[in-house]
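User: Here's a two-chain model I'd like to talk through. Can you take my questions one at a time?

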Amino acid sequence: MNMPVEKPWLRVCAVDDIPLLGSRVVERDAGNVAVFRTAADTVFALLDRCPHKAGPLSQGIVHGETVTCPLHSWNIDLASGEAKAPDVGCARRFPVKVENGDVYLALS
Amino acid sequence: MAQQLVRRRGTGLNLPRRRSNKVKESIMKKLKLVVVGNGMAGIRTVEELLALAPELYEITVFGAEPHPNYNRILLSPVLAGEQAFDDIILNPLSWYADNGIRLHLGKTVTEIDRVRRVVVADDGTEEPYDRLLLATGSSPFILPVPGKDLEGVISYRDIYDTEAMIEAAKTKQHAVVIGGGLLGLEAANGLKLRGMDVSVVHLGDWLLERQLDETAGRLLQKSLEERGLAFLLGKQTAELVDDGTGHVAAVRFKDGGEEKADLVVMAVGIRPNTTLAESAGLHCNRGIVVSDALQTFDPRIYAVGECVSHRGVAYGLVAPLFEQAKVCANHLAQLGIGQYKGSVLSTKLKVTGIDLFSAGDFIGGDGTEDIVLSDPAGGVYKKLVIKDDKLVGACLYGDTADGAWYFKLLREGRTINDLRDTLMFGESAIGDAGVQGQSRAAAMQDSDEVCGCNGVCKGTIVKAIKDKGLFTVDDVKKHTKAASSCGSCTGLVEQILMSTVGSSFQETPKTKAVCGCTDRTHAEVRKAIREHHLLDHKAVYDFLEWRTPNGCATCRPAVNYYLLSTWPHEAVDDPQSRFVNERVHANIQKDGTFSVIPQMKGGVTNSEELRRIADVADKYHVPMVKVTGGQRIDLLGVKKEDLVNVWKDLGMQSGHAYGKSIRTVKTCVGSEFCRFGTQNSTQMGIELETMLANMWSPHKVKLAVSGCPRNCAEAGIKDVGVIAVDSGWELYVGGNGGIKTEVAQFLCKVKTADEVKEYSGAFLQLYREEAYYLDRTVHYIARVGLDYIKAKVVDDAANRQALFERLLYSLEGLPDPWAARIAGAQKNEYIPIKAIA
């Protein structure tokens with residue numbers, strides 16, 4: 001309701017709907033988006049597709065600001081989407097913000 | 001003030017606060033770290049420090065040599081013409097620039113002003129420090145004999161000496177190497193390959209007397225003689241003779257003999273470089289004296305490497321230096337939890353084609369026994385020294401394929417009772433040789449595959465080790481992916497590391513930390529949880545001072561298991577610390593779908609269940625229905641959001657086919673139908689599976705019950721195998737049909753079905769309480785020994801009953817996870833958010 005009109009922000013859920021150190025999946029035709037929540041309540045959004053073999057990052061273990069892919073344990077930096085060295089690759093990021101306890105995502 | 005508070009509460013993003021913190025950080029002055037010594041120990045410490053605290057220091061490095069950090073261990077291959085100098089550079093100049101390190105090359109630090117906290121170099125350069133790291137290394141020891149300063153007399157220490165030898169070999173013919181130690185022999189071999197006539201003069205009675213016993217030393221001498229080297233043993237150098245022009249002409253010995261020489265290489269030992277430290281008033285005693293934190297007597301000054309004396313020992317090999325670097329970096333990073341306790345050494349000679357290896361106390365003495373294999377004609381000699389049922393030393397010549405393995409046994413200090421008969425024949429003899437039994441990494445072709453999981457061949461690994469300067473198995477895993485999946489080729493990777501980098505090889509020590517988040521071992525974590533009644537993750541991380549706020553994907557599942565198994569019904573299970581399979585209670589597949597395996601106790605089902613399974617397969621369009629190896633039915637390709645409904649429609653319990661948990665009890669038809677069956681094995685299996693339902697464990701646990709010794713249920717490769725005989729039941733433990741097939745070992749024989757449950761339950765509880773996370777029963781038994789298991793489970797009835805009761809207590813009242821989720825538990829986990837545009 002308080003959605004800013006000028007930006008394509010989409011309310012997806014309340015922060016508390018995402019488990020601490022966990023994630024939720026936002027379904028989308030063009031590929032699901034994984035929305036992560038860290039211990040410090042920071043929220044990140046990445047395309048739910050590991051740059052290695054397309055594993056669902058949303059199903060990985062979240063630690064610090066990193067998620068470990070459940071398929072072959074690549075570590076992906078939540079803020080940048082980049083795989084941690086020595087692995088190389090990048091998962092697409094989506095702008096995300098939290099306002100009044102609600103999570104907004106800018107899909108495009 | 002009030003305004004500010006309101007404003008902060010209003011910003012959901014917290015962005016302004018974070019930004020202001022960042023600004024503060026960059027304004028905050030960094031501490032100054034000055035490193036004196038640009039060699040392997042100093043730079044390794046800097047690398048470790050950058051990994052831990054990249055922003056803490058402004059780093060300055062002084063190097064007396066005009067080169068960036070290079071791999072001193074590989075000077076011998078350079079001398080032998082097998083590698084070029086560029087090949088052995090570890091940190092190119094760009095590395096220093098990339099990490100913002102100020103590098104002073106070709107400058108020797110001559111003074112430390114501890115009052116002003118400034119170091120001064122020979123050209124007048126001054127650098128202030130908050131912390132100083134001394135890594136000044138060592139110098140070759142020069143015999144104090146007449147003629148030691150003549151031209152043509154050199155030592156063998158750095159690339160300058162190596163190049164001098166290469167030059168000399170072009171014009172000179174007769175080389176004498178004084179010193180028959182590792183360095184001397186490598187120098188002699190290199191000069192021989194460069195075309196010189198080489199004699200080695202050695203004071204001792206045999207070569208490498210600190211690394212080899214006499215027999216092996218003689219074998220080595222023989223094979224070096226076959227390569228054209230000459231040896232003068234038991235000779236003491238008296239004088240180097242001048243040819244009249246200030247150049248060396250010969251070496252004269254105490255006994256009067258002489259050996260012609262136009263190049264003399266002194267390789268009689270090294271001496272820690274302590275001049276700088278001593279002039280600054282730091283306490284030195286055959287090295288700069290440091291504490292277990294690598295701290296000198298001045299708390300602002302640390303020291304690592306060959307210049308150091310730690311607990312009275314100065315190390316000259318690279319592995320200990322790296323261990324020191326790790327600890328020192330930890331303290332420089334102000335974490336303060338590392339402790340260096342000294343190193344067990346192993347040695348390898350880097351002369352291509354000659355294999356020798358030694359470690360520990362290979363001479364032996366009072367209270368030790370030797371196992372010796374000697375085949376002088378075949379050029380093979382092996383001696384293992386055993387004390388109190390433990391391997392304490394090894395000396396191998398000719399066949400060193402098992403060096404890494406012996407070194408591991410030695411460092412682990414485990415009892416070798418069970419291996420004694422086959423110990424001499426190496427790791428392959430106990431069937432632990434990695435993929436397809438290959439145990440000789442050196443004999444493998446570059447194109448041979450080492451890691452079958454990730455398709456990594458030997459050449460790739462060797463190249464990565466050389467190009468990237470890797471020294472540990474973990475490094476190799478990270479960079480090549482070899483041994484990073486199932487891990488069965490770890491031994492082979494260790495061997496390749498060893499044969500590629502020689503004595504610089506760093507064995508993964510037994511006191512291996514759980515992961516990079518901590519220096520604590522699995523044993524220490526378990527102990528802390530038990531002794532301090534820690535009940536949740538935060539308590540563990542706080543109490544043990546984890547480096548990360550909430551662990552990582554490696555330690556969290558381990559800690560979660562330790563909490564639950566130590567404090568059942570008390571500790572808090574954290575679903576976010578479980579691997580997806582255990583969180584979702586289904587097995588993730590490569591496309592992100594899941595597989596569903598309902599429980600079928602003992603592999604017994606009925607028409608009702610089969611009908612429901614068929615209906616579910618139709619209703620949810622299950623792409624594949626498959627019979628598993630554990631006598632159950634697998635529905636593959638189920639979408640996550642369908643899981644709960646699938647379970648509901650199945651009306652069956654979870655088969656736990658996805659967890660580090662009880663899996664299945666495989667059975668044969670037994671005496672009910674089979675004409676050979678001696679007991680009702682099917683019923684026994686069902687009872688065991690009922691008893692163990694919902695049991696979490698360090699790794700998966702599989703059981704089998706066979707009705708007769710024909711063993712149709714394949715009980716010989718299960719964690720607990722039960723085989724019925726006419727007079728009762730035989731129990732076997734520690735079998736494994738997976739990565740490396742292991743035959744289960746006989747535990748005991750019991751009479752009744754209740755005893756089967758009590759004994760196997762007690763064994764599994766012991767495993768649950770003591771094994772490290774991700775150890776199968778076979779690994780656990782290998783660590784503690786079968787005798788220990790028998791003592792705890794078979795011989796001590798009271799302990800067995802206590803174990804069994806603890807098992808039953810921890811399983812009591814655990815709900816079937818599928819039923820719990822049908823009832824609404826963890827609902828959000830399964831429901832995706834629909835995006836409404």
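User: Which residue is the bridge partner of A:Ala34 in β4(A)?

Analyst: Strand β3 (residues 33-37) of chain A and β4(A) run antiparallel, joined by five bridges. Strands here are DSSP runs of E with at least two residues, helices are runs of H or I with at least four, and both are numbered from the N terminus. This is a predicted model, where local features need pLDDT of at least 70, side-chain atom pairs count only at pLDDT 80 or more, and totals for chains, interfaces and linings use all residues. Within β4(A), A:Ala34 has as its bridge partner A:Leu46.

User: Which element gives the most to the side of chain A that touches chain B?

Analyst: Between the chains, 31 residues of chain A are in contact with 22 residues of chain B, a contact being two C-beta atoms, placed from the backbone, within 7 Å. On chain A, the elements giving two or more residues to that side are β1 (9-14), β2 (22-27), β5 (61-63) and β8 (96-99). With five residues, the top contributor is β2(A).

User: Over in chain B, why is one side of β32 and of β36 left without a neighbour in the sheet?

Analyst: The sheet is open, with five strands in the order β32-β33-β34-β35-β36 and mixed pairing. Strands of a sheet pair through backbone hydrogen bonds, parallel or antiparallel. β32 (662-667) and β36 (745-750) of chain B are at the edges, so each has just a single partner strand.

User: Which residues of helix α15 in chain B are buried, and why do they line one face?

Analyst: Buried means 20 or more other C-beta atoms within 10 Å of a residue's own, exposed means 12 or fewer, and partly exposed is in between, with C-beta atoms placed from the backbone. Looking down the axis of α15(B), the buried residues fall within an arc of 100° (of the directions from the helix axis to the C-beta atoms), so they line one face. They pack against α16 (537-543) and α17 (555-566) of chain B. In α15 (residues 522-531), the buried ones are B:His522, B:Val525, B:Arg526 and B:Ile529.

User: Is B:Ala614 buried or partly exposed?

Analyst: B:Ala614 belongs to helix α19 (residues 607-619) of chain B. Its C-alpha is separated by 9.4 Å from that of B:Leu650, 36 residues apart along the chain. There are 13 other C-beta atoms within 10 Å of B:Ala614, so the class is partly exposed.

Key. Residues are numbered from 1 along each chain as its sequence is written. Chains are lettered from A and ligands numbered from 1 in the order in which they are written. Two strands pair if DSSP finds at least two bridges between them.
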